[in-house]
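Please open the structure in your viewer and keep the selection panel at hand. The tour below moves from one selection to the next.

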Amino acid sequence: SEWNNSAAALLSYDVPQHFAPWDWRVSLYTWTKAIASGAYLVAALMGFAGFLSFDGWTWLYAVPVIAGLFLAITGAILIFDLEHPKRFYLIFTHGQRKSWLVRGAYIIAAYSVILAVHFAAALAGFGGVTTVIAPLGIILATLCSIYTAYLFAQAKARDLWQNPLLPSHLFVQTVIAGAAVLAPVSLALDPSAVGPLLWLISRVTLVHLLMILGETTMTHGTAHARLAMHEMVRGKHRVSFAIGIALSISALGALQLGPLAFIPALGGLFFYEHAFVQAGQSVPLA
């Protein structure tokens, strides 16, 4: 159909002389989507846990603005990646509903509605509404965070992406991204939340690194997966991978770095994700 794009998983057939069908835009979109999802998810969970005030400016205004901005960037990247960007509406009107590309578009649209209602309610002085819709927002933010794992899994020939732990790993990365982007904001708007956010960056980054250690040291079941992992760790994408790991290791010291920890935390996520996306399609299919 006409709305298919380079990220349409079932069409990802390439040969050595062809470019990888999923380029830097997919790496960037997974990163911006993690920030968009994480900003709301982390803030809402911290609010219910008592570490962030539901009456403060961070929750009422900064969270929907940051999440909405990065969600808009995510949507723009996805539309830009289409073969026919002006026909993006066909995803909603003629999309194949079994495709996670289409399902993801629906999830992003629903999540954007939650953010819009949140911001409008805050501006109108109905802050209580933002708390009432927060459970639904948490669900949609989580779905927005992890649906890419199922999109990747539809690329059946890309063995590196056939990982049942990928949804969990994307969720972990989303928590890091959310805590990282909120740390400098909270320093100005809600200083009491900075400490818990830095603790979250440090501890969840450790989980992220341990998951990478498991993925890179375990025995993979197919030659395709082993070759792709080699390309990520020691091959053509080793520089991005190494930078991502080094930055994430630096983020382990978030409590010492303070709010500036957002730089290595977010940088580490981007470079790792870029290496992972590119390595997964680095082994020719034909």
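Buried means under 20% relative accessible area, exposed means over 50%, and partly exposed lies in between (1.4 Å probe, protein chains only). This is a predicted model, in which local features need pLDDT of at least 70 and side-chain atom pairs count only at pLDDT 80 or more, while totals for chains, interfaces and linings use all residues. Residues are numbered from 1 along each chain as its sequence is written, and side-chain values use heavy atoms, with hydrogens and water left out.

Select F152 and F276 to begin, both of which are buried. The whole structure holds 10 aromatic pairs, where rings of Phe, Tyr and Trp (its six-membered ring) pair if their centres lie within 6.5 Å, and planes under 30 degrees apart count as stacked, over 60 as edge-to-face and the rest as tilted. The ring centres of F152 and F276 are 6.4 Å apart and their planes stand at 35°, so this pair is tilted.

Next, select F241 and Y272, whose ring centres lie 6.3 Å apart with planes at 55°, so that this pair is tilted. F241 is buried, with a relative accessible area of 9%, and Y272 is buried as well, at 2%.

Now select Y40, F48, F54, W59 and Y111, which ring pairs link into a cluster. Which residues does W59 touch, not counting those up to four places away in sequence? Taking contact as heavy atoms within 4.5 Å, W59 touches Y40, A43, A44, L52, S53, F54, P64, H118, T130 and A134.

Finish at V129, which counts as partly exposed at 34% relative accessibility.
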